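Reader: I am new to this structure and would like to learn how its features get their names. Could you walk me through it?

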Amino acid sequence: MIVYQNSSFNMGTRFNLLLPGIENSEGDVLFSSCDRELNRLENMLSCFNPDSDISQINENAFSRPVEINNELLDILTECLKYSEMTQGAFDISLGKFIDHWNEQAKVEDIKKLKGGTGTDKILIDRNNKTVRFTTPHVKINLGGYGKGYALQKVQDLLKADGVTSAFISFGESSVSCIGKHPHGDYWPVGIQNFYQKDKSIATINLLNQSVSTSGNMEVNNHLMHPRTGIPRKEYYLNMP
C-alpha cells in the first residue's frame, strides 16, 4: 500500500502527517492545507511570537480591554471553563511562572508572584469581544491547549477532504488518528519509557481518537503546580 508522509516545524515542535492510500500529488495538497492552518493558529495562539494575538493580549490586557476575534473568544472561554471544572488545576495564566523557570529563577522569586495569577484574573466580555487582566502578573500561555486544538483543526480539514485514515502527530507527545490503521482495527500508540527509551511503558489503541502526554522527566517546567507555580516536586511539597 502506498503511504504519504510529510513533516514540518510548526507551533514550536515537529508536525508529522501520515496518510495511507494517498498518492504524493494529493498528499502534498492536503499537507499544504494543514501547514497553512497550523501557521494561522501559531500566529494567533503562540505566546512566543511577539506579533501573535495572544502576545498582544499579554502586552496590553492589564492596561486596557483588548479586542479579540470570535475564534479566540471561544478558545479563552473554553479554557476558563476547563479551569473551573478542574478547580484551577488547568490554568492558562501561569506564563510568567514558566518564564521565570526558563530563566532559572529562585523559589523566592516565584513566591512573589503567588496571588497575582489565576484564571479568575482573566475577564472576558463576550458582548464587546474583549479580554482584560486584573493584575500585571497574568500572562496567558496556551501550551496545555494549543496543540490539542490544532490537532482537531487539522483533523477537521482532512475529514472535509474525504480522508478516512490518517495519523497526525505533534512532537510525538500529542497525536490524533482518523479511522483505522491500514493493517489493523486501530492505531497502536506507545508511551515511551524514559529510563529505557527503546521500550514503551504502555500502548494505547486509538480509533478516531486522540491522546496527549507530558511530563517532568527531561524538562522541569512542562508541568506546573497551579497553586505555587513550582514545576518540581521537591519544591512545591515543602511550600506553604
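Author: Gladly! Let us begin with a definition: two strands count as paired if DSSP finds at least two bridges between them. Please keep in mind that this is a predicted model.

Reader: What makes strand 1 and strand 2 a pair?

Author: Pairing takes at least two bridges. Eight bridges join strand 1 to strand 2, so the two strands pair, and they run antiparallel. Within this pairing, S8 stands opposite F15 of strand 2.

Reader: Which sheet do these strands belong to, and which strands stand at its edges?

Author: They are part of an open sheet of five strands, in the order 1-2-6-7-10 with antiparallel pairing. Strand 1 (3–10) and strand 10 (210–212) each have a single partner strand, so one side of each has no neighbour in the sheet and they stand at the edges. On average, neighbouring strands of this sheet are turned by 10° against each other, direction ignored.

Reader: Which helices pack on the sheet?

Author: Helix 1 does, touching strand 1, strand 2 and strand 6, and its direction makes about 20° with that of strand 1. Helix 6 also packs on the sheet, where it touches strand 2, strand 6, strand 7 (174–178) and strand 10. The direction of helix 6 makes about 20° with that of strand 7.

Reader: Now to the rings. How many aromatic pairs are there, and why is the pair of F15 and F31 called stacked?

Author: A search of the whole structure finds five aromatic pairs. The rings of F15 and F31 lie 5.8 Å apart, centre to centre, with 25° between the planes. Centres within 6.5 Å make a pair and planes under 30 degrees apart count as stacked, so F15 and F31 are a stacked pair. This pair links distant parts of the chain, with F15 in strand 2 (residues 13–20) and F31 in helix 1 (residues 24–45), 16 residues apart. Both F15 and F31 are buried.

Reader: Why is the pair of F15 and F170 called tilted?

Author: Here the centres are 5.5 Å apart and the planes stand at 50°. Stacked needs under 30 degrees and edge-to-face needs over 60, so the angle of 50° makes this pair tilted. F170 sits in strand 6 (residues 166–170), 155 residues from F15 in strand 2. F170 is buried, as is F15. Together, F15, F31 and F170 form one aromatic cluster.

Reader: How do you know that C79 is buried?

Author: Buried means under 20% relative accessible area, and C79 has 0%, so C79 counts as buried. C79 is found in helix 3. Leaving aside residues up to four places away in sequence, C79 touches F90, I92, L142 and Y145. The C-alpha atoms of C79 and F90 are separated by 8.0 Å, and the two residues are 11 apart along the chain.

Reader: What is the span of helix 3, and what do its buried residues pack against?

Author: Helix 3 (residues 70–85) has 16 residues and reaches 22 Å from its first C-alpha to its last, close to the 22 Å expected at 1.5 Å a residue. Its buried residues include L72, I75 and L76. The buried residues of helix 3 pack against helix 1, helix 2 (53–60), strand 4 (122–125), strand 5 (130–133) and helix 6 (146–160). At the start of helix 3, a side-chain oxygen of N69 comes to within 3.1 Å of the backbone nitrogen of E71.

Technical notes. Residues numbered from 1 in each chain as written. Predicted model: local features only at pLDDT ≥ 70, side-chain atom pairs only at ≥ 80, totals over all residues. Heavy atoms only, no water. Phe/Tyr/Trp six-rings, centres within 6.5 Å; stacked < 30°, edge-to-face > 60°. Helix = DSSP H or I, 4+ residues; strand = E, 2+ residues; numbered from the N terminus. Buried < 20%, exposed > 50% of the residue type's maximum accessible area, 1.4 Å probe, protein only. Expected span 1.5 Å × (residues − 1). Contact = heavy atoms within 4.5 Å. Polar contact = N/O pair within 3.5 Å; in protein donor to acceptor, adjacent residues only side chain to side chain. Axes fitted to C-alpha atoms, helices over the stretch in contact; angles between N-to-C directions.
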